[in-house]
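Please look at the sequence and the three-dimensional structure shown here, and keep both in view while reading the report below.

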Amino acid sequence: MIELQFMDKNKYFTLHTFGCQMNQADAQRMRGILISLGYQETENEEESDLILFNTCSVRQHAEERLYGRIRSLNPLKQKNPDLIIGVSGCMAQNHKAELLKELPMVDMVFGPNDINQLPKLLEETANKKALGSFAGKGTFEGETTDGIVLTRPFSAMVNIIRGCTNFCSYCIVPYVRGPEISRPIEDLLAYIKDLASKGVKEIMLLGQNVNVYGKDLGMKEGFATLLEEIEKIDGIKWVRFLTSHPRDFTENAIQRISALTKVCEQYHLPFQAGNNRILELMRRGYTREHYIDLIHKVRKYIPNVSLSTDIICGFPSETEEEFEDTINLVKEIRYESAYMYYYSPRPGTKAASMKEQLSDEVKKGRLARLIEVQNQISNEESQKQVGKTFEVLVESPTSRSDKRLLGKTRTGRPVDFEGNSSLIGSFVKVKIDSARNWTLSGKMISESGN
Ligand code: SAH
Ligand code: SF4
Ligand code: F3S
C-alpha cells in the first residue's frame with residue numbers, strides 16, 4: 001500500500017464514469033489505485049472525500065451535461081471544503097486547465113494517459129489545485145492485475161491498444177487519446193494469464209481499432225495472432241473484442257478467428273454512413289460495397305454471428321438521398337442492435353469547420369427515423385431468439401427478484417431466468433421462451449459445467 005500523508009482517517013470516493021468501454025477500463029484501474037491508497041468506494045456523494053468524474057468528449061451533449069452535473073455539487077463543496085472534486089478522462093484532456101477556471105469547484109484535472117499520476121495528484125491536491133501533465137501518449141507501464149478492481153471477479157476488460165491515429169473527420173478521440181500504441185504481446189499474455197489465475201473467465205479486449213493491433217510493433221495480422229495465443233490460456237473461456245474497423249478487418253483474420261472456440265460470435269462493426277460520398281468526407285477509408293462484402297464474409301465464416309454497429313446521421317452536407325442510403329443499409333444488414341447518433345461538431349476536427357452544417361431539426365429528424373427503422377429490426381431479431389438454447393455466463397441477480405438471475409449469451413445478449421445465486425460466475429444453458437426488446441427470458445436447462 002502506498003502511504004499518503006493526508007490519509008489520516010477513513011476516506012471515501014465516488015467514481016462516475018461516462019463514455020465508452022475505454023473509460024470503463026480506465027475506471028477499473030483508478031478504482032484499484034484508490035483502494036490501494038486506502039480509500040473505500042461509496043455511491044453516496046454526501047459522505048465522499050473525493051468525487052471523480054471520468055469523462056467523455058465524443059459529443060457536445062456529453063460535455064454540456066457534465067458541466068451541469070459538476071456545478072450541481074457546489075452546495076456540497078461549500079458544506080465540506082475538504083471535498084476533492086476531480087475530472088479525468090477525455091474531456092479533461094480536451095479542456096485541461098480551462099476546466100479548473102470554468103468550474104471553480106474542481107480541484108484536480110488529469111487526462112486518460114495520466115492515470116498513474118493519481119497518487120501524486122491527490123497528494124498535491126490536499127494543499128492546492130492540481131493539474132496533470134497531459135503528456136498525450138498512452139503507456140501500459142505499471143498496469144498489473146494488482147492495480148485493478150473488477151466489478152465482477154470473473155470478467156475483465158483488457159486494453160490491447162491505446163489511442164487512435166485514424167483521424168476520422170468528425171472524431172475527437174485521436175486528439176484526446178493520442179496515437180495508437182499496442183501493448184506488447186508477451187506482456188499482454190502474461191497479464192491475461194494472471195487474470196485467469198485470479199478466476200477471470202471472460203475477457204473483453206479493447207481498442208478504438210483492434211484490427212491494427214501490433215502494427216506499431218511490426219506484427220502482421222497481430223490481432224488474429226493475439227487471439228490464437230489467448231485461445232491457449234487455461235481458465236479463459238470467453239473472449240470478446242471492441243471495436244472492429246471495417247477498413248482493417250481482413251478475410252484472413254476473420255477466417256483465423258472463426259476457428260477459435262473461445263472467441264464469442266459477437267461483432268461490432270461500425271459503418272457510420274451508408275453513402276460513399278459521406279464515407280469519404282468522414283475519412284473512414286472504405287466504401288459501402290467494401291463494407292457489405294465484409295459483412296458477407298463475417299456471416300460466411302461465422303453463420304450464427306450477432307452484428308451491431310454505430311451510425312452517425314446528419315453529417316455536414318448529407319442530403320436526404322444520402323441519408324436514405326444509411327436507412328437502406330440498415331435494412332439490408334439487419335443488425336441485432338445499433339448505437340445511433342446525430343452528428344455533433346467537435347471543435348478542432350475537420351468536419352466541424354465544414355460550411356455545410358445541417359440544422360438540429362434536420363439532424364434530429366433523421367435520427368428519429370433511423371431509430372424507428374432499427375428498433376423494428378431489433379425487435380424482430382429478438383423474437384427470432386425465442387426457442388433457441390444459449391450458453392449463458394451468469395452475472396448477477398436481477399434487480400426485481402433475487403430468485404431470478406441475469407446472465408449474458410456469447411452473442412452479448414442479457415438473459416434472465418430462475419436460478420440460485422450460487423450460480424453467479426458459472427456457465428449454464430438456458431432455453432429462451434420470450435424476448436422483450438434486447439433482453440431474453442428463459443428456463444435453465446442445465447449447468448454446463450465450465
Ligand atoms: N473507434 C470507434 C468509435 C469510437 S467513438 C470506431 O471507429 O468505430 C464511438 C462512436 O461515437 C462512433 O462510432 C461514432 O458513431 C460516434 N461519434 C464519434 N464522433 C461523433 C460526433 N462528432 N458526432 C456524433 N457521433 C460521433
Ligand atoms: Fe474516432 Fe475514427 Fe478513431 Fe474510431 S477510428 S476513434 S471514429 S478517429
Ligand atoms: Fe468518449 Fe473518450 Fe471514449 S471521448 S467515447 S470516453 S475515448
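The report that follows takes up a pair of helices, then aromatic rings, then some individual residues.

This is a predicted model, in which local features need pLDDT of at least 70 and side-chain atom pairs count only at pLDDT 80 or more, whereas totals for chains, interfaces and linings use all residues. Residues are numbered from 1 along each chain as its sequence is written, chains are lettered from A and ligands numbered from 1 in the order in which they are written, and side-chain values use heavy atoms, with hydrogens and water left out.

**Two packed helices**

Two packed helices are described by the angle between their axes and the distance between the axes. Here helix α10 (residues 251-258) and helix α12 (residues 288-301) pack at an angle of about 20 degrees, and their axes are 9 Å apart. That makes α10 roughly parallel to α12, a label given to angles under 35 degrees, while those over 145 count as roughly antiparallel, 65 to 115 as roughly perpendicular and the rest as oblique. The axes are lines fitted to C-alpha atoms, for helices over the stretch in contact, and the angles run from 0 to 180 degrees between N-to-C directions. Helices (H or I, at least four residues) and strands (E, at least two) are DSSP runs, numbered from the N terminus.

On the side of α10 the contact (heavy atoms within 4.5 Å) is made by Glu251, Ile254, Gln255 and Ser258, and on the side of α12 by Leu294, Lys297, Val298, Lys300 and Tyr301.

**Aromatic rings**

Rings of Phe, Tyr and Trp (its six-membered ring) pair if their centres lie within 6.5 Å, and planes under 30 degrees apart count as stacked, over 60 as edge-to-face and the rest as tilted. By this rule the count comes to 11 aromatic pairs, including the two in this table.

| Pair | Distance between centres | Angle between planes | Kind |
|---|---|---|---|
| Phe241 and Tyr267 | 5.3 Å | 70 degrees | edge-to-face |
| Tyr286 and Tyr291 | 6.2 Å | 35 degrees | tilted |

Phe241 counts as buried at 3% relative accessibility, and Tyr267 is buried with a relative accessible area of 1%; buried means under 20% relative accessible area, exposed over 50% and partly exposed in between (1.4 Å probe, protein chains only). Tyr286 and Tyr291 are both buried as well. Ring pairs also link Phe223, Phe241, Phe249 and Tyr267 into a cluster.

**Individual residues**

A cis peptide bond, with omega about -5 degrees, joins Leu242 and Thr243, and Thr243 is found in the loop between β11 and α10.

Which value does phi take in Ser317? Phi of Ser317 is near 80 degrees, a positive value in a residue other than glycine. Ser317 is found in the loop between β13 (306-313) and α13 (320-333) and is buried, with a relative accessible area of 13%. Arg334, although not a glycine, has a positive phi of about 60 degrees; Arg334 lies in the loop between α13 and β14 (337-342) and is partly exposed, with a relative accessible area of 26%.

Ala435, in strand β18 (residues 427-436), is buried at a relative accessible area of 14%. Ala435 and Gln383 are 52 residues apart in sequence, yet 5.8 Å apart in space, C-alpha to C-alpha. Not counting residues up to four places away in sequence, Ala435 touches Ser382, Gln383, Val386 and Leu440.
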